[in-house]
Amino acid sequence: QPSEGLAVVGEHEMDIDEVAARSRVQRELTLQPLQPGVLSLTATVLVDTDAESITRSYTIPLIALPAGS
């Protein structure tokens with residue numbers, strides 16, 4: 001989820017049905033700053049297993065500079 005002043009270009013949600021234990025899942029996003037300043041992106045990961053459901057949220061700070069800087 002982008003903060004105010006930040007847009008995600010293209011699809012920003014994904015579902016993965018099966019992942020091997022201890023494997024890595026990577027996702028690349030294109031972000032478009034709408035204003036200069038300190039912006040943030042929040043990523044939420046939800047993992048469902050047979051035994052439990054775990055949710056983790058991560059906030060990623062970003063610095064957008066004015067065009068031409």
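## Nonpolar core

A nonpolar core is a set of buried Ala, Val, Leu, Ile, Met, Phe, Trp, Tyr and Cys residues joined through side-chain atoms within 4.5 Å, where buried means under 20% relative accessible area, exposed means over 50%, and partly exposed lies in between, with a 1.4 Å probe and protein chains only. In this protein, the largest such core has five residues, namely Leu 6, Val 8, Leu 39, Leu 41 and Ala 64. Two or more residues of this core come from each of strand 1 (6-9) and strand 3. In soluble globular proteins, nonpolar side chains tend to be buried together.

Leu 39, a member of this core, is in contact (heavy atoms within 4.5 Å) with Ser 3, Glu 4, Gly 5, Leu 6, Pro 33, Ile 60, Pro 61, Leu 62 and Ala 64, once its neighbours within four places in sequence are left aside.

## The model and its overall form

This is a predicted model, in which local features need pLDDT of at least 70 and side-chain atom pairs count only at pLDDT 80 or more, while totals for chains, interfaces and linings use all residues. Residues are numbered from 1 along each chain as its sequence is written, and side-chain values use heavy atoms, with hydrogens and water left out.

The secondary structure has zero helices and four strands, in the order β-β-β-β from the N terminus; helices (H or I, at least four residues) and strands (E, at least two) are DSSP runs, numbered from the N terminus. The C-alpha atoms fill a box of roughly 50 × 20 × 15 Å along the principal axes. The radius of gyration, taken over C-alpha atoms, is 15 Å, whereas a compact globule of 69 residues would have one near 11 Å, by a rule of 2.2 Å times the number of residues to the power 0.38. Of the 69 residues, 9% count as buried.

## The largest pocket

On a 1 Å grid over the protein atoms alone, a pocket is an open set of points where a 1.4 Å probe fits, with protein on both sides within 12 Å along at least five of seven lines, and its lining residues have an atom within 4 Å of a point. The largest pocket has a volume of about 1,200 Å³, a volume being the space filled by probe spheres set on the points, which are joined across faces, edges and corners. Of its 29 lining residues, Met 14, Ile 16, Thr 44, Val 45 and Leu 46 are the closest to the centre.

Strand 3 gives the most to this lining, with eight residues, and strand 4 (53-64) supplies at least two. By class, the lining has 15 nonpolar, seven polar and seven charged residues, where Ala, Val, Leu, Ile, Met, Phe, Trp, Tyr, Cys and Pro count as nonpolar, Asp, Glu, Lys and Arg as charged, and the others, Gly among them, as polar.

Leu 34 lies in the loop between strand 2 (30-33) and strand 3 (37-48), and Leu 34 counts as exposed because its relative accessibility is 59%. Leaving out residues up to four places away in sequence, Leu 34 touches Gly 5, Leu 6 and Ala 7. Leu 34 and Thr 49 are 15 residues apart in sequence, yet their C-alpha atoms are 38 Å apart in space.

Arg 56, in strand 4, is partly exposed, with a relative accessible area of 47%. The C-alpha atoms of Arg 56 and Thr 44 are separated by 5.7 Å, although these residues are twelve apart along the chain. Arg 22, in the loop between strand 1 and strand 2, has a positive phi of about 65° although it is not a glycine.
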